[in-house]
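Subject: Structure for your review

Dear colleague,

Please find below the structure that I would like to hand over to you. I would be grateful if you would read the notes after it with the structure open.

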Amino acid sequence: MDQQDVSPETLAAQGLGEADPVSGGLAPVINLSTNYEQHPDGSYREGRVYTRADNPTSEHAEQLLAALEGGALEGGCACALFGSGMAAATAVFQALLPGDHVLVSRVLYWGVRKWLAEFALTWGLDVEFTDTCDLAAVAAAIRPGRTRLLWLETPANPMWEITDLAAACDLAHAAGVRVAVDNTVATPVLTRPFEFGADLVVHSATKYLNGHGDVLAGAVLAARRDPFWERIRSWRRNAGAMPGPFEAWLLQRGMRTLFLRVQRASDTAMAIAAHFAGHPALSAVLYPGLPSHPGHAIAARQMDGGFGGMLSIRLAGGAGHALAVLGEVRVFKRATSLGGVESLIEHRRSGEGPSSPVPDDLLRISAGIESPADLIADLEAALEKSQPR
């Protein structure tokens, strides 16, 4: 299939549209081999030596994701799968050098924040958290000649703050700073950060890309195959951070329904947010699709087709009321993670601990693909049953 002739939606649904050259099967085969036979002269067929560096099944998933994220780039983009989203994210930081200054979104996925707090100092990185929604704050935080990376997450988990990607990239590039964007929540269905100037895109592929709660995987993509990209690939190979072939196969299978799932989840999240906006039991509904959201105008400009399947609610009755609501839901599943077909709800502060910046009255919701009416009714009933008297 010529990727230039069809939409990303079609590419995803057909998994690049390539039949198996041996059997003609439409489902890709799984190559489980860990090593490859040498020719008599010592060379390797197609250059593959060991599966820790290369595997045909992983390469198929990488090619599909690259087509979805980097289709508009000249020559496409590079993609490398990792064994988890955290392995992917930390590989970017570990490709930096001791002493490098790094700017990171103040609000971001807790796992990355925790890793930076626990390991970045010993790695020799100078990490500074800043409000990336405030471009003046970002400009003031950049240290010319020392700042090497700006790490953005938008919408930012779990407050769903919005960063202006194009403006942030212009600002960073003017100072020679590389920009990485965690696109786990928006996915390439709604936002393609390379189109706004990003240098790197990172995914926890466990979430929406797979979408079924049965794969642990991550990915890093680069707009250019430069030395920094090669350091990331080298880290993956030498640290053994590859996913298994079966996980890569499940990932490419999940991406075939990516557009349908993300669009359905976005519609459902919008319905839930609109219904509960202004609810007397809530102090806030945090969702960029609401016109009242401070980042709504920017989100509408850089998110195409929806505002994502993630939202949070804050309970007017405080932390105790939030936990009581959590105990009363029947359709929502009480579980960590996001981006699956089931709708999830959780109290983020409980999982993150006392050092978390997340308010203790907040419940995070991952909208799935169930009936929106069922989800709204479930949350309404939980709010009513748990209402402080």
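This is a predicted model: local features need pLDDT of at least 70, side-chain atom pairs count only at pLDDT 80 or more; totals for chains, interfaces and linings use all residues.

The largest pocket

Rolling a probe the size of a water molecule over the atoms shows where empty space is left. In this model, the largest pocket holds about 580 Å³ of space. Its lining consists of 20 residues, and those nearest the centre of the pocket are Asp20, Pro21, Val29, Arg48 and Pro56. Helix H2, which spans residues 56-70, supplies the largest share of this lining, namely five residues.

Two pairs of packed helices

Two packed helices are described by the angle between their axes and the distance between the axes.

On the H12 side, the contact involves His321, Ala324, Val325 and Glu328, which meet Leu379, Ala382, Leu383, Lys385 and Ser386 of H14. Of the residues in this contact, five are nonpolar, two are polar and two are charged.

The other pair is helix H3 (residues 85-94) with helix H4 (residues 110-123), whose axes cross at roughly 35 degrees and come within 11 Å. The crossing of H3 and H4 is right-handed. H3 contributes Met86, Ala89, Thr90, Phe93 and Gln94 to the contact, while H4 contributes Gly111, Val112, Trp115, Leu116 and Trp123. Seven of the residues in the contact of H3 with H4 are nonpolar and three are polar, with no charged residue.

Details of the backbone

Most residues other than glycine have a negative phi, and most peptide bonds are trans. Where does the model show a cis peptide bond with an omega of about -10 degrees? This bond joins Thr154 and Pro155, and Pro155 sits in the loop between strand S4 (147-153) and helix H6 (165-174). Another cis peptide bond, with an omega of about 5 degrees, joins Asn157 and Pro158. Pro158 also belongs to the loop between S4 and H6.

Finally, please look at Leu16, which is not a glycine and yet has a positive phi of about 75 degrees. Leu16 is located in the loop between helix H1 (8-14) and H2.

Yours sincerely,
A colleague

Note on methods:
Residues are numbered from 1 along each chain as its sequence is written. Side-chain values use heavy atoms; hydrogens and water are left out. On a 1 Å grid over the protein atoms alone, a cavity is a set of points where a 1.4 Å probe fits but cannot get out, and a pocket is an open set with protein on both sides within 12 Å along at least five of seven lines; lining residues have an atom within 4 Å of a point. Grid points are joined across faces, edges and corners, and a volume is the space filled by probe spheres set on the points. Helices (H or I, at least four residues) and strands (E, at least two) are DSSP runs, numbered from the N terminus. Contact means heavy atoms within 4.5 Å. Ala, Val, Leu, Ile, Met, Phe, Trp, Tyr, Cys and Pro count as nonpolar, Asp, Glu, Lys and Arg as charged, and the others, Gly among them, as polar. Axes are lines fitted to C-alpha atoms, for helices over the stretch in contact, and angles run from 0 to 180 degrees between N-to-C directions. A crossing is left-handed if the near helix is turned anticlockwise from the far one by less than a right angle, and right-handed if clockwise.
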